[in-house]
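Here is my note on the model you sent. Please keep the structure open while you read.

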Amino acid sequence: MIEQTIARLEEKLRTANLSPAQRDEVQRLLVELRAELAAARDAGVRMPVEAPVTDEESPLERLGQSVVEFETTHPKLVGIVNRISAVLANMGI
């Protein structure tokens, strides 16, 4: 899933109207993201899976808990994804 999303993003970037500097910046961040994902996999880190459903928690509460857990356990990945998002947003993408 993550690899497919990155591949789709790379394909969109190939056809996007970006300056060479913008294209280089996003490509560099994607390389960094792929490296961090590979390191996480090599270390045996698993990506989050849906937590068991309880009657006391709403789907929104479970999502919030998953996000907090992921941010805690994968701070570098979260940081890279946040930087990619900010760069794309600043480009109007």
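The points below go through basis, core, helices, salt bridges and surface.

1. **Basis.** This is a predicted model, in which local features need pLDDT of at least 70 and side-chain atom pairs count only at pLDDT 80 or more, while totals for chains, interfaces and linings use all residues. Residues are numbered from 1 along each chain as its sequence is written, and side-chain values use heavy atoms, with hydrogens and water left out.

2. **Core.** The largest nonpolar core has 15 residues. A nonpolar core here is a set of buried Ala, Val, Leu, Ile, Met, Phe, Trp, Tyr and Cys residues joined through side-chain atoms within 4.5 Å. Buried means under 20% relative accessible area, exposed means over 50%, and partly exposed is in between (1.4 Å probe, protein chains only). Leu 13, Val 26, Leu 30, Leu 33 and Ile 84 touch the most other members. Two or more residues come from each of helix H1 (2–15), helix H2 (20–42) and helix H4 (75–90). Helices are DSSP runs (H or I, at least four residues), numbered from the N terminus. In soluble globular proteins, nonpolar side chains tend to be buried together.

3. **Leu 13.** Contact means heavy atoms within 4.5 Å. Leaving out residues up to four places away in sequence, Leu 13 touches Leu 18, Arg 23, Val 26, Leu 30 and Leu 88.

4. **Helix H2.** The 23 residues of H2 should span 33 Å at 1.5 Å a residue, and the end C-alpha atoms are 33 Å apart, which agrees. The expected span is 1.5 Å times one less than the number of residues. Val 26, Leu 29, Leu 30, Leu 33, Glu 36, Leu 37 and Ala 40 are the buried residues of H2. They pack against H1 and H4. Just after H2, Gly 44 takes a positive phi of about 85 degrees.

5. **Glu 36.** Look at this residue, which lies in H2. Is Glu 36 buried or exposed? Glu 36 counts as buried because its relative accessible area is 19%. Beyond its neighbours within four places in sequence, Glu 36 is in contact with Lys 76, Leu 77 and Ile 80.

6. **Helix H4.** H4 has 16 residues and reaches 22 Å from first C-alpha to last, close to the 22 Å expected at 1.5 Å a residue. Leu 77, Val 78, Ile 80, Ile 84, Val 87 and Leu 88 are buried in H4. The buried residues of H4 pack against H1, H2 and H3. Gly 92 follows H4, with a positive phi near 85 degrees.

7. **Salt bridge Arg 41 to Glu 3.** The whole structure holds 7 salt bridges. The criterion is a side-chain nitrogen of Lys or Arg within 4 Å of a carboxyl oxygen of Asp or Glu. In the bridge between Arg 41 and Glu 3, the closest N and O atoms are 3.4 Å apart. Arg 41 lies in H2 and Glu 3 in H1, so the pair ties together parts 38 residues apart in sequence. Arg 41 is partly exposed, at 44% relative accessibility. Glu 3 is also partly exposed, at 31%.

8. **More on Glu 3.** Not counting residues up to four places away in sequence, Glu 3 touches Arg 34, Leu 37 and Arg 41. The C-alpha atoms of Glu 3 and Leu 37 are separated by 9.3 Å, with the two residues 34 apart along the chain.

9. **Salt bridge Glu 10 to Arg 34.** The closest N and O atoms of this pair are 3.0 Å apart. Glu 10 in H1 and Arg 34 in H2 are 24 residues apart, so the pair links distant parts of the chain. Glu 10 is buried, with a relative accessible area of 17%. Arg 34 is partly exposed, at 27% relative accessibility.

10. **Salt bridge Arg 28 to Glu 32.** Here the closest N and O atoms are 3.6 Å apart. Both residues lie in H2, 4 residues apart, about one turn of the helix. Arg 28 is partly exposed at 45%, and Glu 32 is partly exposed at 29%. Elsewhere, salt bridges that share partners join Glu 3, Glu 10, Arg 34 and Arg 41 into one network.

11. **Surface.** Which residue of helix H3 (residues 59–73) deserves a look? Leu 60 has its place there. Leu 60 counts as exposed because its relative accessibility is 67%.
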